[in-house]
Amino acid sequence: MTTTIDEIASAKRWLPLEANPDVMNQFLWGLGLPRDEAECYDVYGLDEELLEMVPKPVLAVLFLYPITTKTEEERLKQQNENKEHSSKVYFMKQTVGNACGTIGLLHALGNITSEVKFVEDSFFDKFFKSTASLDPFQRAVFLENDREMEVAHSVAATAGDTEASENVDTHFICFTHVDGELYELDGRKSAPISHGSSSPSTLLRDATKVIQNMIQKNPESLNFNVMAISKKSSDGY
C-alpha cells in the first residue's frame, strides 16, 4: 500500500475492513447505530436499473477503490485547489494506517446525525458529541487514542470472508450530501471535496457520476466496490 504523509504521523496500523455490508452492519450496530435506523447495502452496479434496487432513502455512499499512480496524482492535485466547504461538513483526517473503512463510516454517520438517532451513551453517541467542536486533525488524534474503537475495528476486520492483511492497496472514501452539495470525504486529503449541487433524493446518482469518472480513469483496475447506507423505513422496506 502506498505510504502517505498522514500515515507516517502515526506508527499505528489497523487491519483493513472488508467491503462487506454484513461486516459493516455488525460493526455499526455494535457501536450504537440502532438496527431499525440504518443499514449498509451492496450497490451491484452503476446503471439505472441496478441503482433502483438500492433501498431509499440513501444517506451516504461508500466507495472502495485501488490506489494507483493516477489516483495519487489526482489526490495531490486536489491538495492545491480551493477547499471552500460548508462549516456543517463533518470531516476528519486519517492518521492510522488502514483505518479508512472506519473513517469512511464515521464520515457517513457524522454528517447524518440529524437523520439517525444513536443509542444513548453508546460509542457513536459519545464520539460525535466529544468531537463535534474539534478540527479534522484533533478528531484524528481522538480516534487514534480511542481503545474502544480500535478493539471494535479489529473485531470487524477479522470477521470478513477474506483473510485480513495489513498489506492492501485499496482505500475507502465517503460521499454525502450537506447543504445542497455533494461532498467527497477522504481522510487522506486535506479537506472535503465538493462535487457540485446535490439533494437527498439524488445523492446516490450524483455520487455514481463521480465514481464512474474515477473508474474510467483507472481502466486497468477491477478492485472497486460501492455500498450505500440507507435509512430504514417503518415498514422495513
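**Helix packing, cores and local geometry of the predicted chain**

Thr-208 is located in helix α9, which spans residues 203-216; helices (H or I, at least four residues) and strands (E, at least two) are DSSP runs, numbered from the N terminus. The model is a predicted one, in which local features need pLDDT of at least 70 and side-chain atom pairs count only at pLDDT 80 or more, while totals for chains, interfaces and linings use all residues. Residues are numbered from 1 along each chain as its sequence is written, and side-chain values use heavy atoms, with hydrogens and water left out.

With a relative accessibility of 4%, Thr-208 counts as buried. Buried means under 20% relative accessible area, exposed over 50%, and partly exposed in between (1.4 Å probe, protein chains only). When neighbours within four places in sequence are left aside, Thr-208 is in contact with Leu-46 and Leu-51, contact being defined as heavy atoms within 4.5 Å.

The protein chain contains nine helices and six strands. Of its 237 residues, 55% count as buried. Among contacts in the chain with a separation of 6 or more, 76% are between residues 24 or more positions apart.

The largest nonpolar core has 45 residues, and Leu-105, Phe-124 and Met-149 have the most contacts inside it. A nonpolar core is a set of buried Ala, Val, Leu, Ile, Met, Phe, Trp, Tyr and Cys residues joined through side-chain atoms within 4.5 Å. Helix α5 gives the most to this core, with six residues. Another core, of 19 residues, lies apart from it; Val-43, Tyr-65, Leu-182 and Val-210 are among its members.

Helix α8 covers residues 147-157, and its buried residues are Met-149, Glu-150, Ala-152, His-153, Ala-156 and Ala-157. Viewed down the axis of α8, these residues fall within an arc of 165° and therefore line one face of the helix; the arc is that of the directions from the helix axis to the C-beta atoms. Exposed residues Arg-147 and Val-155 are carried on the face of α8 turned away from the buried side. The cover over the buried residues of α8 includes α2 (21-30), α5 (100-110), α6 (123-131) and α7 (136-144). Beyond its neighbours within four places in sequence, Met-149 is in contact with residues including Trp-14, Phe-27, Thr-102, Phe-124 and Leu-143. The N-terminal end of α8 is capped by Asp-146, with a side-chain oxygen 3.1 Å from the backbone nitrogen of Glu-148.

In α7, the buried residues are Arg-139, Ala-140, Leu-143 and Glu-144. Their arc around the axis is only 135°, which puts them on the same side of α7. These buried residues pack against α5, α6 and α8. At the start of α7, a side-chain oxygen of Asp-135 comes to within 3.0 Å of the backbone nitrogen of Phe-137.

The axes of α5 and α6 come within 11 Å and cross at roughly 75°. Axes are lines fitted to C-alpha atoms, for helices over the stretch in contact, and angles run from 0 to 180 degrees between N-to-C directions. Helix α5 is thus roughly perpendicular to α6, where angles under 35 degrees count as roughly parallel, over 145 as roughly antiparallel, 65 to 115 as roughly perpendicular and the rest as oblique. Leu-106, Leu-109 and Gly-110 of α5 meet Phe-124, Phe-127 and Phe-128 of α6.

Glu-48 lies in helix α3 (residues 48-52) and is partly exposed at 47% relative accessibility. Although 157 residues separate Glu-48 from Arg-205 in sequence, their C-alpha atoms are 8.6 Å apart. Their side chains are joined by a polar contact of 2.5 Å; a polar contact is a pair of N or O atoms within 3.5 Å, where within protein one must be able to donate a hydrogen and the other to accept it, and residues adjacent in sequence count only if both atoms are side-chain atoms.

Most residues other than glycine have a negative phi, and most peptide bonds are trans. The peptide bond from Lys-56 to Pro-57 is cis, with omega near -5°, and Pro-57 sits in the loop between α3 and β2 (58-66). Asp-121, in the loop between α5 and α6, has a positive phi near 65° and is exposed, with a relative accessible area of 54%. Asp-179 also has a positive phi, of about 50°; Asp-179 is in the loop between β3 (170-178) and β4 and is partly exposed at 47%.
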